[in-house]
Amino acid sequence: MIFITAKFRVRPEHADRWPEIARDFTEATRAEPGCLWYDWSRSLEDPNEYVLVEAFRDDDAGAAHVGSEHFRTAQRELPPYLAETPQIINAKVDQDGWSELGELAVE
């Protein structure tokens, strides 16, 4: 799978509304057949930072995502709400889902 983590620093005046601002893009991405997950979290240290954790089945699914109309729309509509260009880590991982964290196993 393709595993991606990205940090989005949102302009302070838009930070509380970011989930709503990104909602259409989020929902459209989650509906893609090759999307395994697409989840936002808000930083505990910086209320203007959101972290996106997403995964796609394979290269074809990743290409379909980047080539989609909703991706092009997001490229036009989301940057005015951002304080800076998002940072990203993008890696191929030889698995197709989450694994258990054995070091913190719950009995």
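I take contact to mean heavy atoms within 4.5 Å. I take buried to mean under 20% relative accessible area, exposed to mean over 50%, and partly exposed to lie in between, with a 1.4 Å probe and protein chains only. Helices (H or I, at least four residues) and strands (E, at least two) are DSSP runs, numbered from the N terminus.

I note that this is a predicted model, in which local features need pLDDT of at least 70 and side-chain atom pairs count only at pLDDT 80 or more, while totals for chains, interfaces and linings use all residues. Residues are numbered from 1 along each chain as its sequence is written, and side-chain values use heavy atoms, with hydrogens and water left out.

**Entry 1: helix α2**

I looked up α2 (23-30) and found Phe25, Thr26 and Thr29 buried. Seen down the axis of α2, these buried residues fall within an arc of 100 degrees, so they line one face of the helix; the arc is that of the directions from the helix axis to the C-beta atoms. The cover over the buried residues of α2 includes β2, β3, α3 and α4.

**Entry 2: pockets**

A pocket is found on a 1 Å grid over the protein atoms alone, as an open set of points where a 1.4 Å probe fits, with protein on both sides within 12 Å along at least five of seven lines; lining residues have an atom within 4 Å of a point. Grid points are joined across faces, edges and corners, and a volume is the space filled by probe spheres set on the points.

The largest pocket holds about 480 Å³ of space. Its lining has 24 residues, and Phe8, Phe25, Glu54, Phe71 and Pro86 lie nearest its centre. I found that β1 gives the most to this lining, with 4 residues.

The second largest pocket holds about 190 Å³. Its lining residues include Arg17, Phe25, His70, Leu78 and Tyr81. Here α4 gives the most, with 4 residues.
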